[in-house]
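Good morning, and thank you for coming.

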Amino acid sequence: MRLFRGSGSDTTTAEQAPPKLARRSSGLGELSRQWETAENLCILDLGSTSPGNIRYFTGRGHRIYSEDLLTASTDPDLMAQDELGVSALDSRKFLADNLVYPAAQFDVILSWNLPDYLDEGLVKPVVGRLWSVLKPGGMLLAFFHTRDAGPDSPCYRFHITDEDTLEMQPILLNRQGGRSAMGAVRSSVESFQLQRVFNNRHIENLFRDFASIKFFLARDNIREVLVVR
């Protein structure tokens with residue numbers, strides 16, 4: 001278990017980082033009422049370490065943990081072959097090294113756009129683990145693309161600037177000679193690719209073990225989803 005877990009050296013440096021874009025978030029606005037009125041919350045941010053998010057939450061007396069699951073999922077050691085010789089990510093090995101927390105530790109989980117970009121074989125196991133580490137009554141915020149977003153929609157890192165405002169920064173990875181989860185040779189600088197588009201029924205099924213789900217349709221081809229454990 002690591003507080004402020006970072007993403008290592010795979011992400012771009014501050015000098016290389018692309019510019020940030022601002023967006024309003026209705027889901028964040030509703031969720032922020034919890035951390036503005038509650039004390040000593042434990043929050044999990046599923047993205048590379050964001051100094052801004054750390055300052056935002058610690059300044060309000062909360063604890064924040066950060067895990068960059070997307071970068072972790074690119075580890076070539078996670079690749080295994082099934083009985084048919086088909087290569088796939090080993091979800092058990094992935095969860096043995098990531099999201100290793102006691103049950104019901106977190107009050108809030110910020111999943112951002114993780115499900116849309118995570119390898120198919122990891123999505124359901126990861127959501128299952130998130131359910132287990134979220135407290136009963138705890139809340140999780142996730143973003144999902146609509147079909148109008150297009151397959152080349154960039155993957156963003158989200159930085160909280162206000163109770164309902166985010167700065168979005170495109171994620172770029174530095175790779176030299178590595179391979180993707182599908183075995184393809186990686187270029188030196190690349191971004192995560194959109195893996196799928198969930199419809200509402202798929203999203204409801206993904207979070208079927210949670211107590212409730214609420215949708216917010218944004219103007220930038222994003223559906224924001226707020227679920228309660």
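Helix H2, residues 51-58, lies across strands E2, E3 and E6, and its direction makes an angle of about 160 degrees with that of E3. Please bear in mind that this is a predicted model.

Let me turn to the sheet to which those strands belong. It is an open sheet of 6 strands, in the order E3-E2-E6-E7-E13-E12, and its pairing is mixed. The edges are taken by E3, residues 63-66, and by E12; each has a single partner strand, so one side of each is left without a neighbour in the sheet. From one strand to the next, the twist averages 15 degrees.

In the parallel sense, E2, residues 42-45, pairs with E6, residues 106-112, over 3 bridges. Within E6, leucine 110 is the residue that stands opposite aspartate 45. The other pair is antiparallel: strand E12, residues 212-217, is joined by 6 bridges to strand E13, residues 222-228. Here serine 212 has valine 228 of E13 as its bridge partner. E12 and E13 form a hairpin, with 4 residues between the two strands. In that turn, asparagine 221 has a positive phi of about 60 degrees.

I move now to the other sheet on my list. Three strands, in the order E1-E9-E8, make up an open sheet with antiparallel pairing. E1, residues 21-24, and E8, residues 156-162, stand at the edges with a single partner strand each, so one side of each has no neighbour in the sheet. The twist in this case averages 35 degrees from one strand to the next. Alanine 22 has its bridge partner in E9, namely glutamate 167.

Which helix lies across E1, E8 and E9? It is H1, running at about 55 degrees to E8. H1 comprises residues 26-37, 12 residues in total. From its first C-alpha to its last it reaches 18 Å, close to the 16 Å expected at 1.5 Å a residue. The N-terminal end of H1 is capped by serine 25, with a side-chain oxygen 3.0 Å from the backbone nitrogen of leucine 28. Leucine 28 is also among the buried residues of H1, as are Gly27, Gly29, Leu31, Ser32, Gln34 and Trp35.

My next topic is a single side chain. Arginine 196 sits in the loop between strand E11, residues 189-190, and helix H7, residues 200-206. Is arginine 196 buried or exposed? Its relative accessibility is 14%, under the 20% limit, so arginine 196 counts as buried. What does its side chain meet there? It makes a polar contact with the side chain of glutamate 120, at 2.7 Å. Leaving aside residues up to four places away in sequence, arginine 196 touches Pro115, Asp116, Tyr117, Leu118, Asp119, Glu120 and Val123.

Finally, the protein as a whole. Its secondary structure comes to 7 helices and 13 strands. Of its 229 residues, 48% count as buried. Among contacts with a separation of 6 or more, 70% are between residues 24 or more positions apart. The protein exposes about 11,400 Å², of which carbon and sulfur atoms supply 49%.

Key. Residues are numbered from 1 along each chain as its sequence is written. This is a predicted model: local features need pLDDT of at least 70, side-chain atom pairs count only at pLDDT 80 or more; totals for chains, interfaces and linings use all residues. Side-chain values use heavy atoms; hydrogens and water are left out. Two strands pair if DSSP finds at least two bridges between them. The expected span of a helix is 1.5 Å times one less than its number of residues. Buried means under 20% relative accessible area, exposed over 50%, partly exposed in between (1.4 Å probe, protein chains only). A polar contact is a pair of N or O atoms within 3.5 Å; within protein, one must be able to donate a hydrogen and the other to accept it, and residues adjacent in sequence count only if both atoms are side-chain atoms. Contact means heavy atoms within 4.5 Å. Accessible areas come from the Shrake-Rupley method with a 1.4 Å probe; for residues, only the protein chains shown count as cover. Axes are lines fitted to C-alpha atoms, for helices over the stretch in contact, and angles run from 0 to 180 degrees between N-to-C directions.
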